Amino acid sequence: MKKALSFLLVTVMLLCMIPTTAFAASEINIVTVGEILDPLDGFKPDLSGSPGHPAKYSVKKIDWSEYDADMEWQRDLEANDTFVKGNYYYVFVTLETKDGYVFSNNVTANVNGSTANKYAPKDNGKTIQIYYCFDICKKNKESNVVINAV
């Protein structure tokens, strides 16, 4: 009788562990966002971007901040603001995981193929914000604008 109860107890304990391992979230270690247009004088900030793995995560929000030539913060850009020649611009991209995924604490981030920085994941690994500083804003040559998609 004791053997049967022990066997039953072990079986129940093992069955209780199955959902924990079967439904554990997969960690995302690399995030990429592409197709964010470079800042050009007179242009509005690009508020769209393409996630590198849309089945695993999506772009939730894109924000921009403006810094002068001395890298002093000037303002956070709104959708209708325009870039100014000679200033630097940081893009902040908030990413959100799809069901079954979480961001690793050691995520490697890229924006348009260039290494980006990141903050620690939030919401139990469901969101992360990455950021990238674009080169100094250049003058827009209206007749010669060429934008290469990544």
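Okay, ground rules. What we have is a predicted model, where local features need pLDDT of at least 70 and side-chain atom pairs count only at pLDDT 80 or more, while totals for chains, interfaces and linings use all residues. Residues are numbered from 1 along each chain as its sequence is written, and side-chain values use heavy atoms, with hydrogens and water left out.

Let's start with the sheet. Eight strands make an open sheet with mixed pairing, and the order is β2-β1-β6-β7-β8-β5-β3-β4. Strands here are DSSP runs of E, at least two residues, numbered from the N terminus, and two of them pair if DSSP finds at least two bridges between them. At the edges you'll find β2 (50–51) and β4 (73–76); each has a single partner strand, so one side of each has no neighbour in the sheet.

Now look at β5, residues 88–97, and β8, residues 127–134: they run antiparallel and are joined by eight bridges. If you want a landmark, V93 has I130 in β8 as its bridge partner.

On to the core. By nonpolar core I mean buried Ala, Val, Leu, Ile, Met, Phe, Trp, Tyr and Cys residues joined through side-chain atoms within 4.5 Å. Buried is under 20% relative accessible area, exposed is over 50%, and partly exposed is in between, using a 1.4 Å probe and protein chains only. The largest core has 23 residues, and V31, I36, W64, V91 and L95 touch the most other members. At least two residues of this core come from each of β1, β3 (57–67), β5, β6 (101–111) and β8.

Take L95. Skipping residues up to four places away in sequence, its contacts (heavy atoms within 4.5 Å) include V31, F103, I130 and T127.

That brings us to T127, in strand β8. T127 counts as buried, because its relative accessibility is 9%. Its side chain makes a polar contact with the side chain of D123 at 3.0 Å; that's a pair of N or O atoms within 3.5 Å, where within protein one must be able to donate a hydrogen and the other to accept it, and residues adjacent in sequence count only if both atoms are side-chain atoms.

Over in β1 (residues 26–34) sits E27, which counts as exposed at 53%. E27 and Y101 are 74 residues apart in sequence, yet 5.8 Å apart C-alpha to C-alpha.

Technical notes. Helix = DSSP H or I, 4+ residues; strand = E, 2+ residues; numbered from the N terminus.
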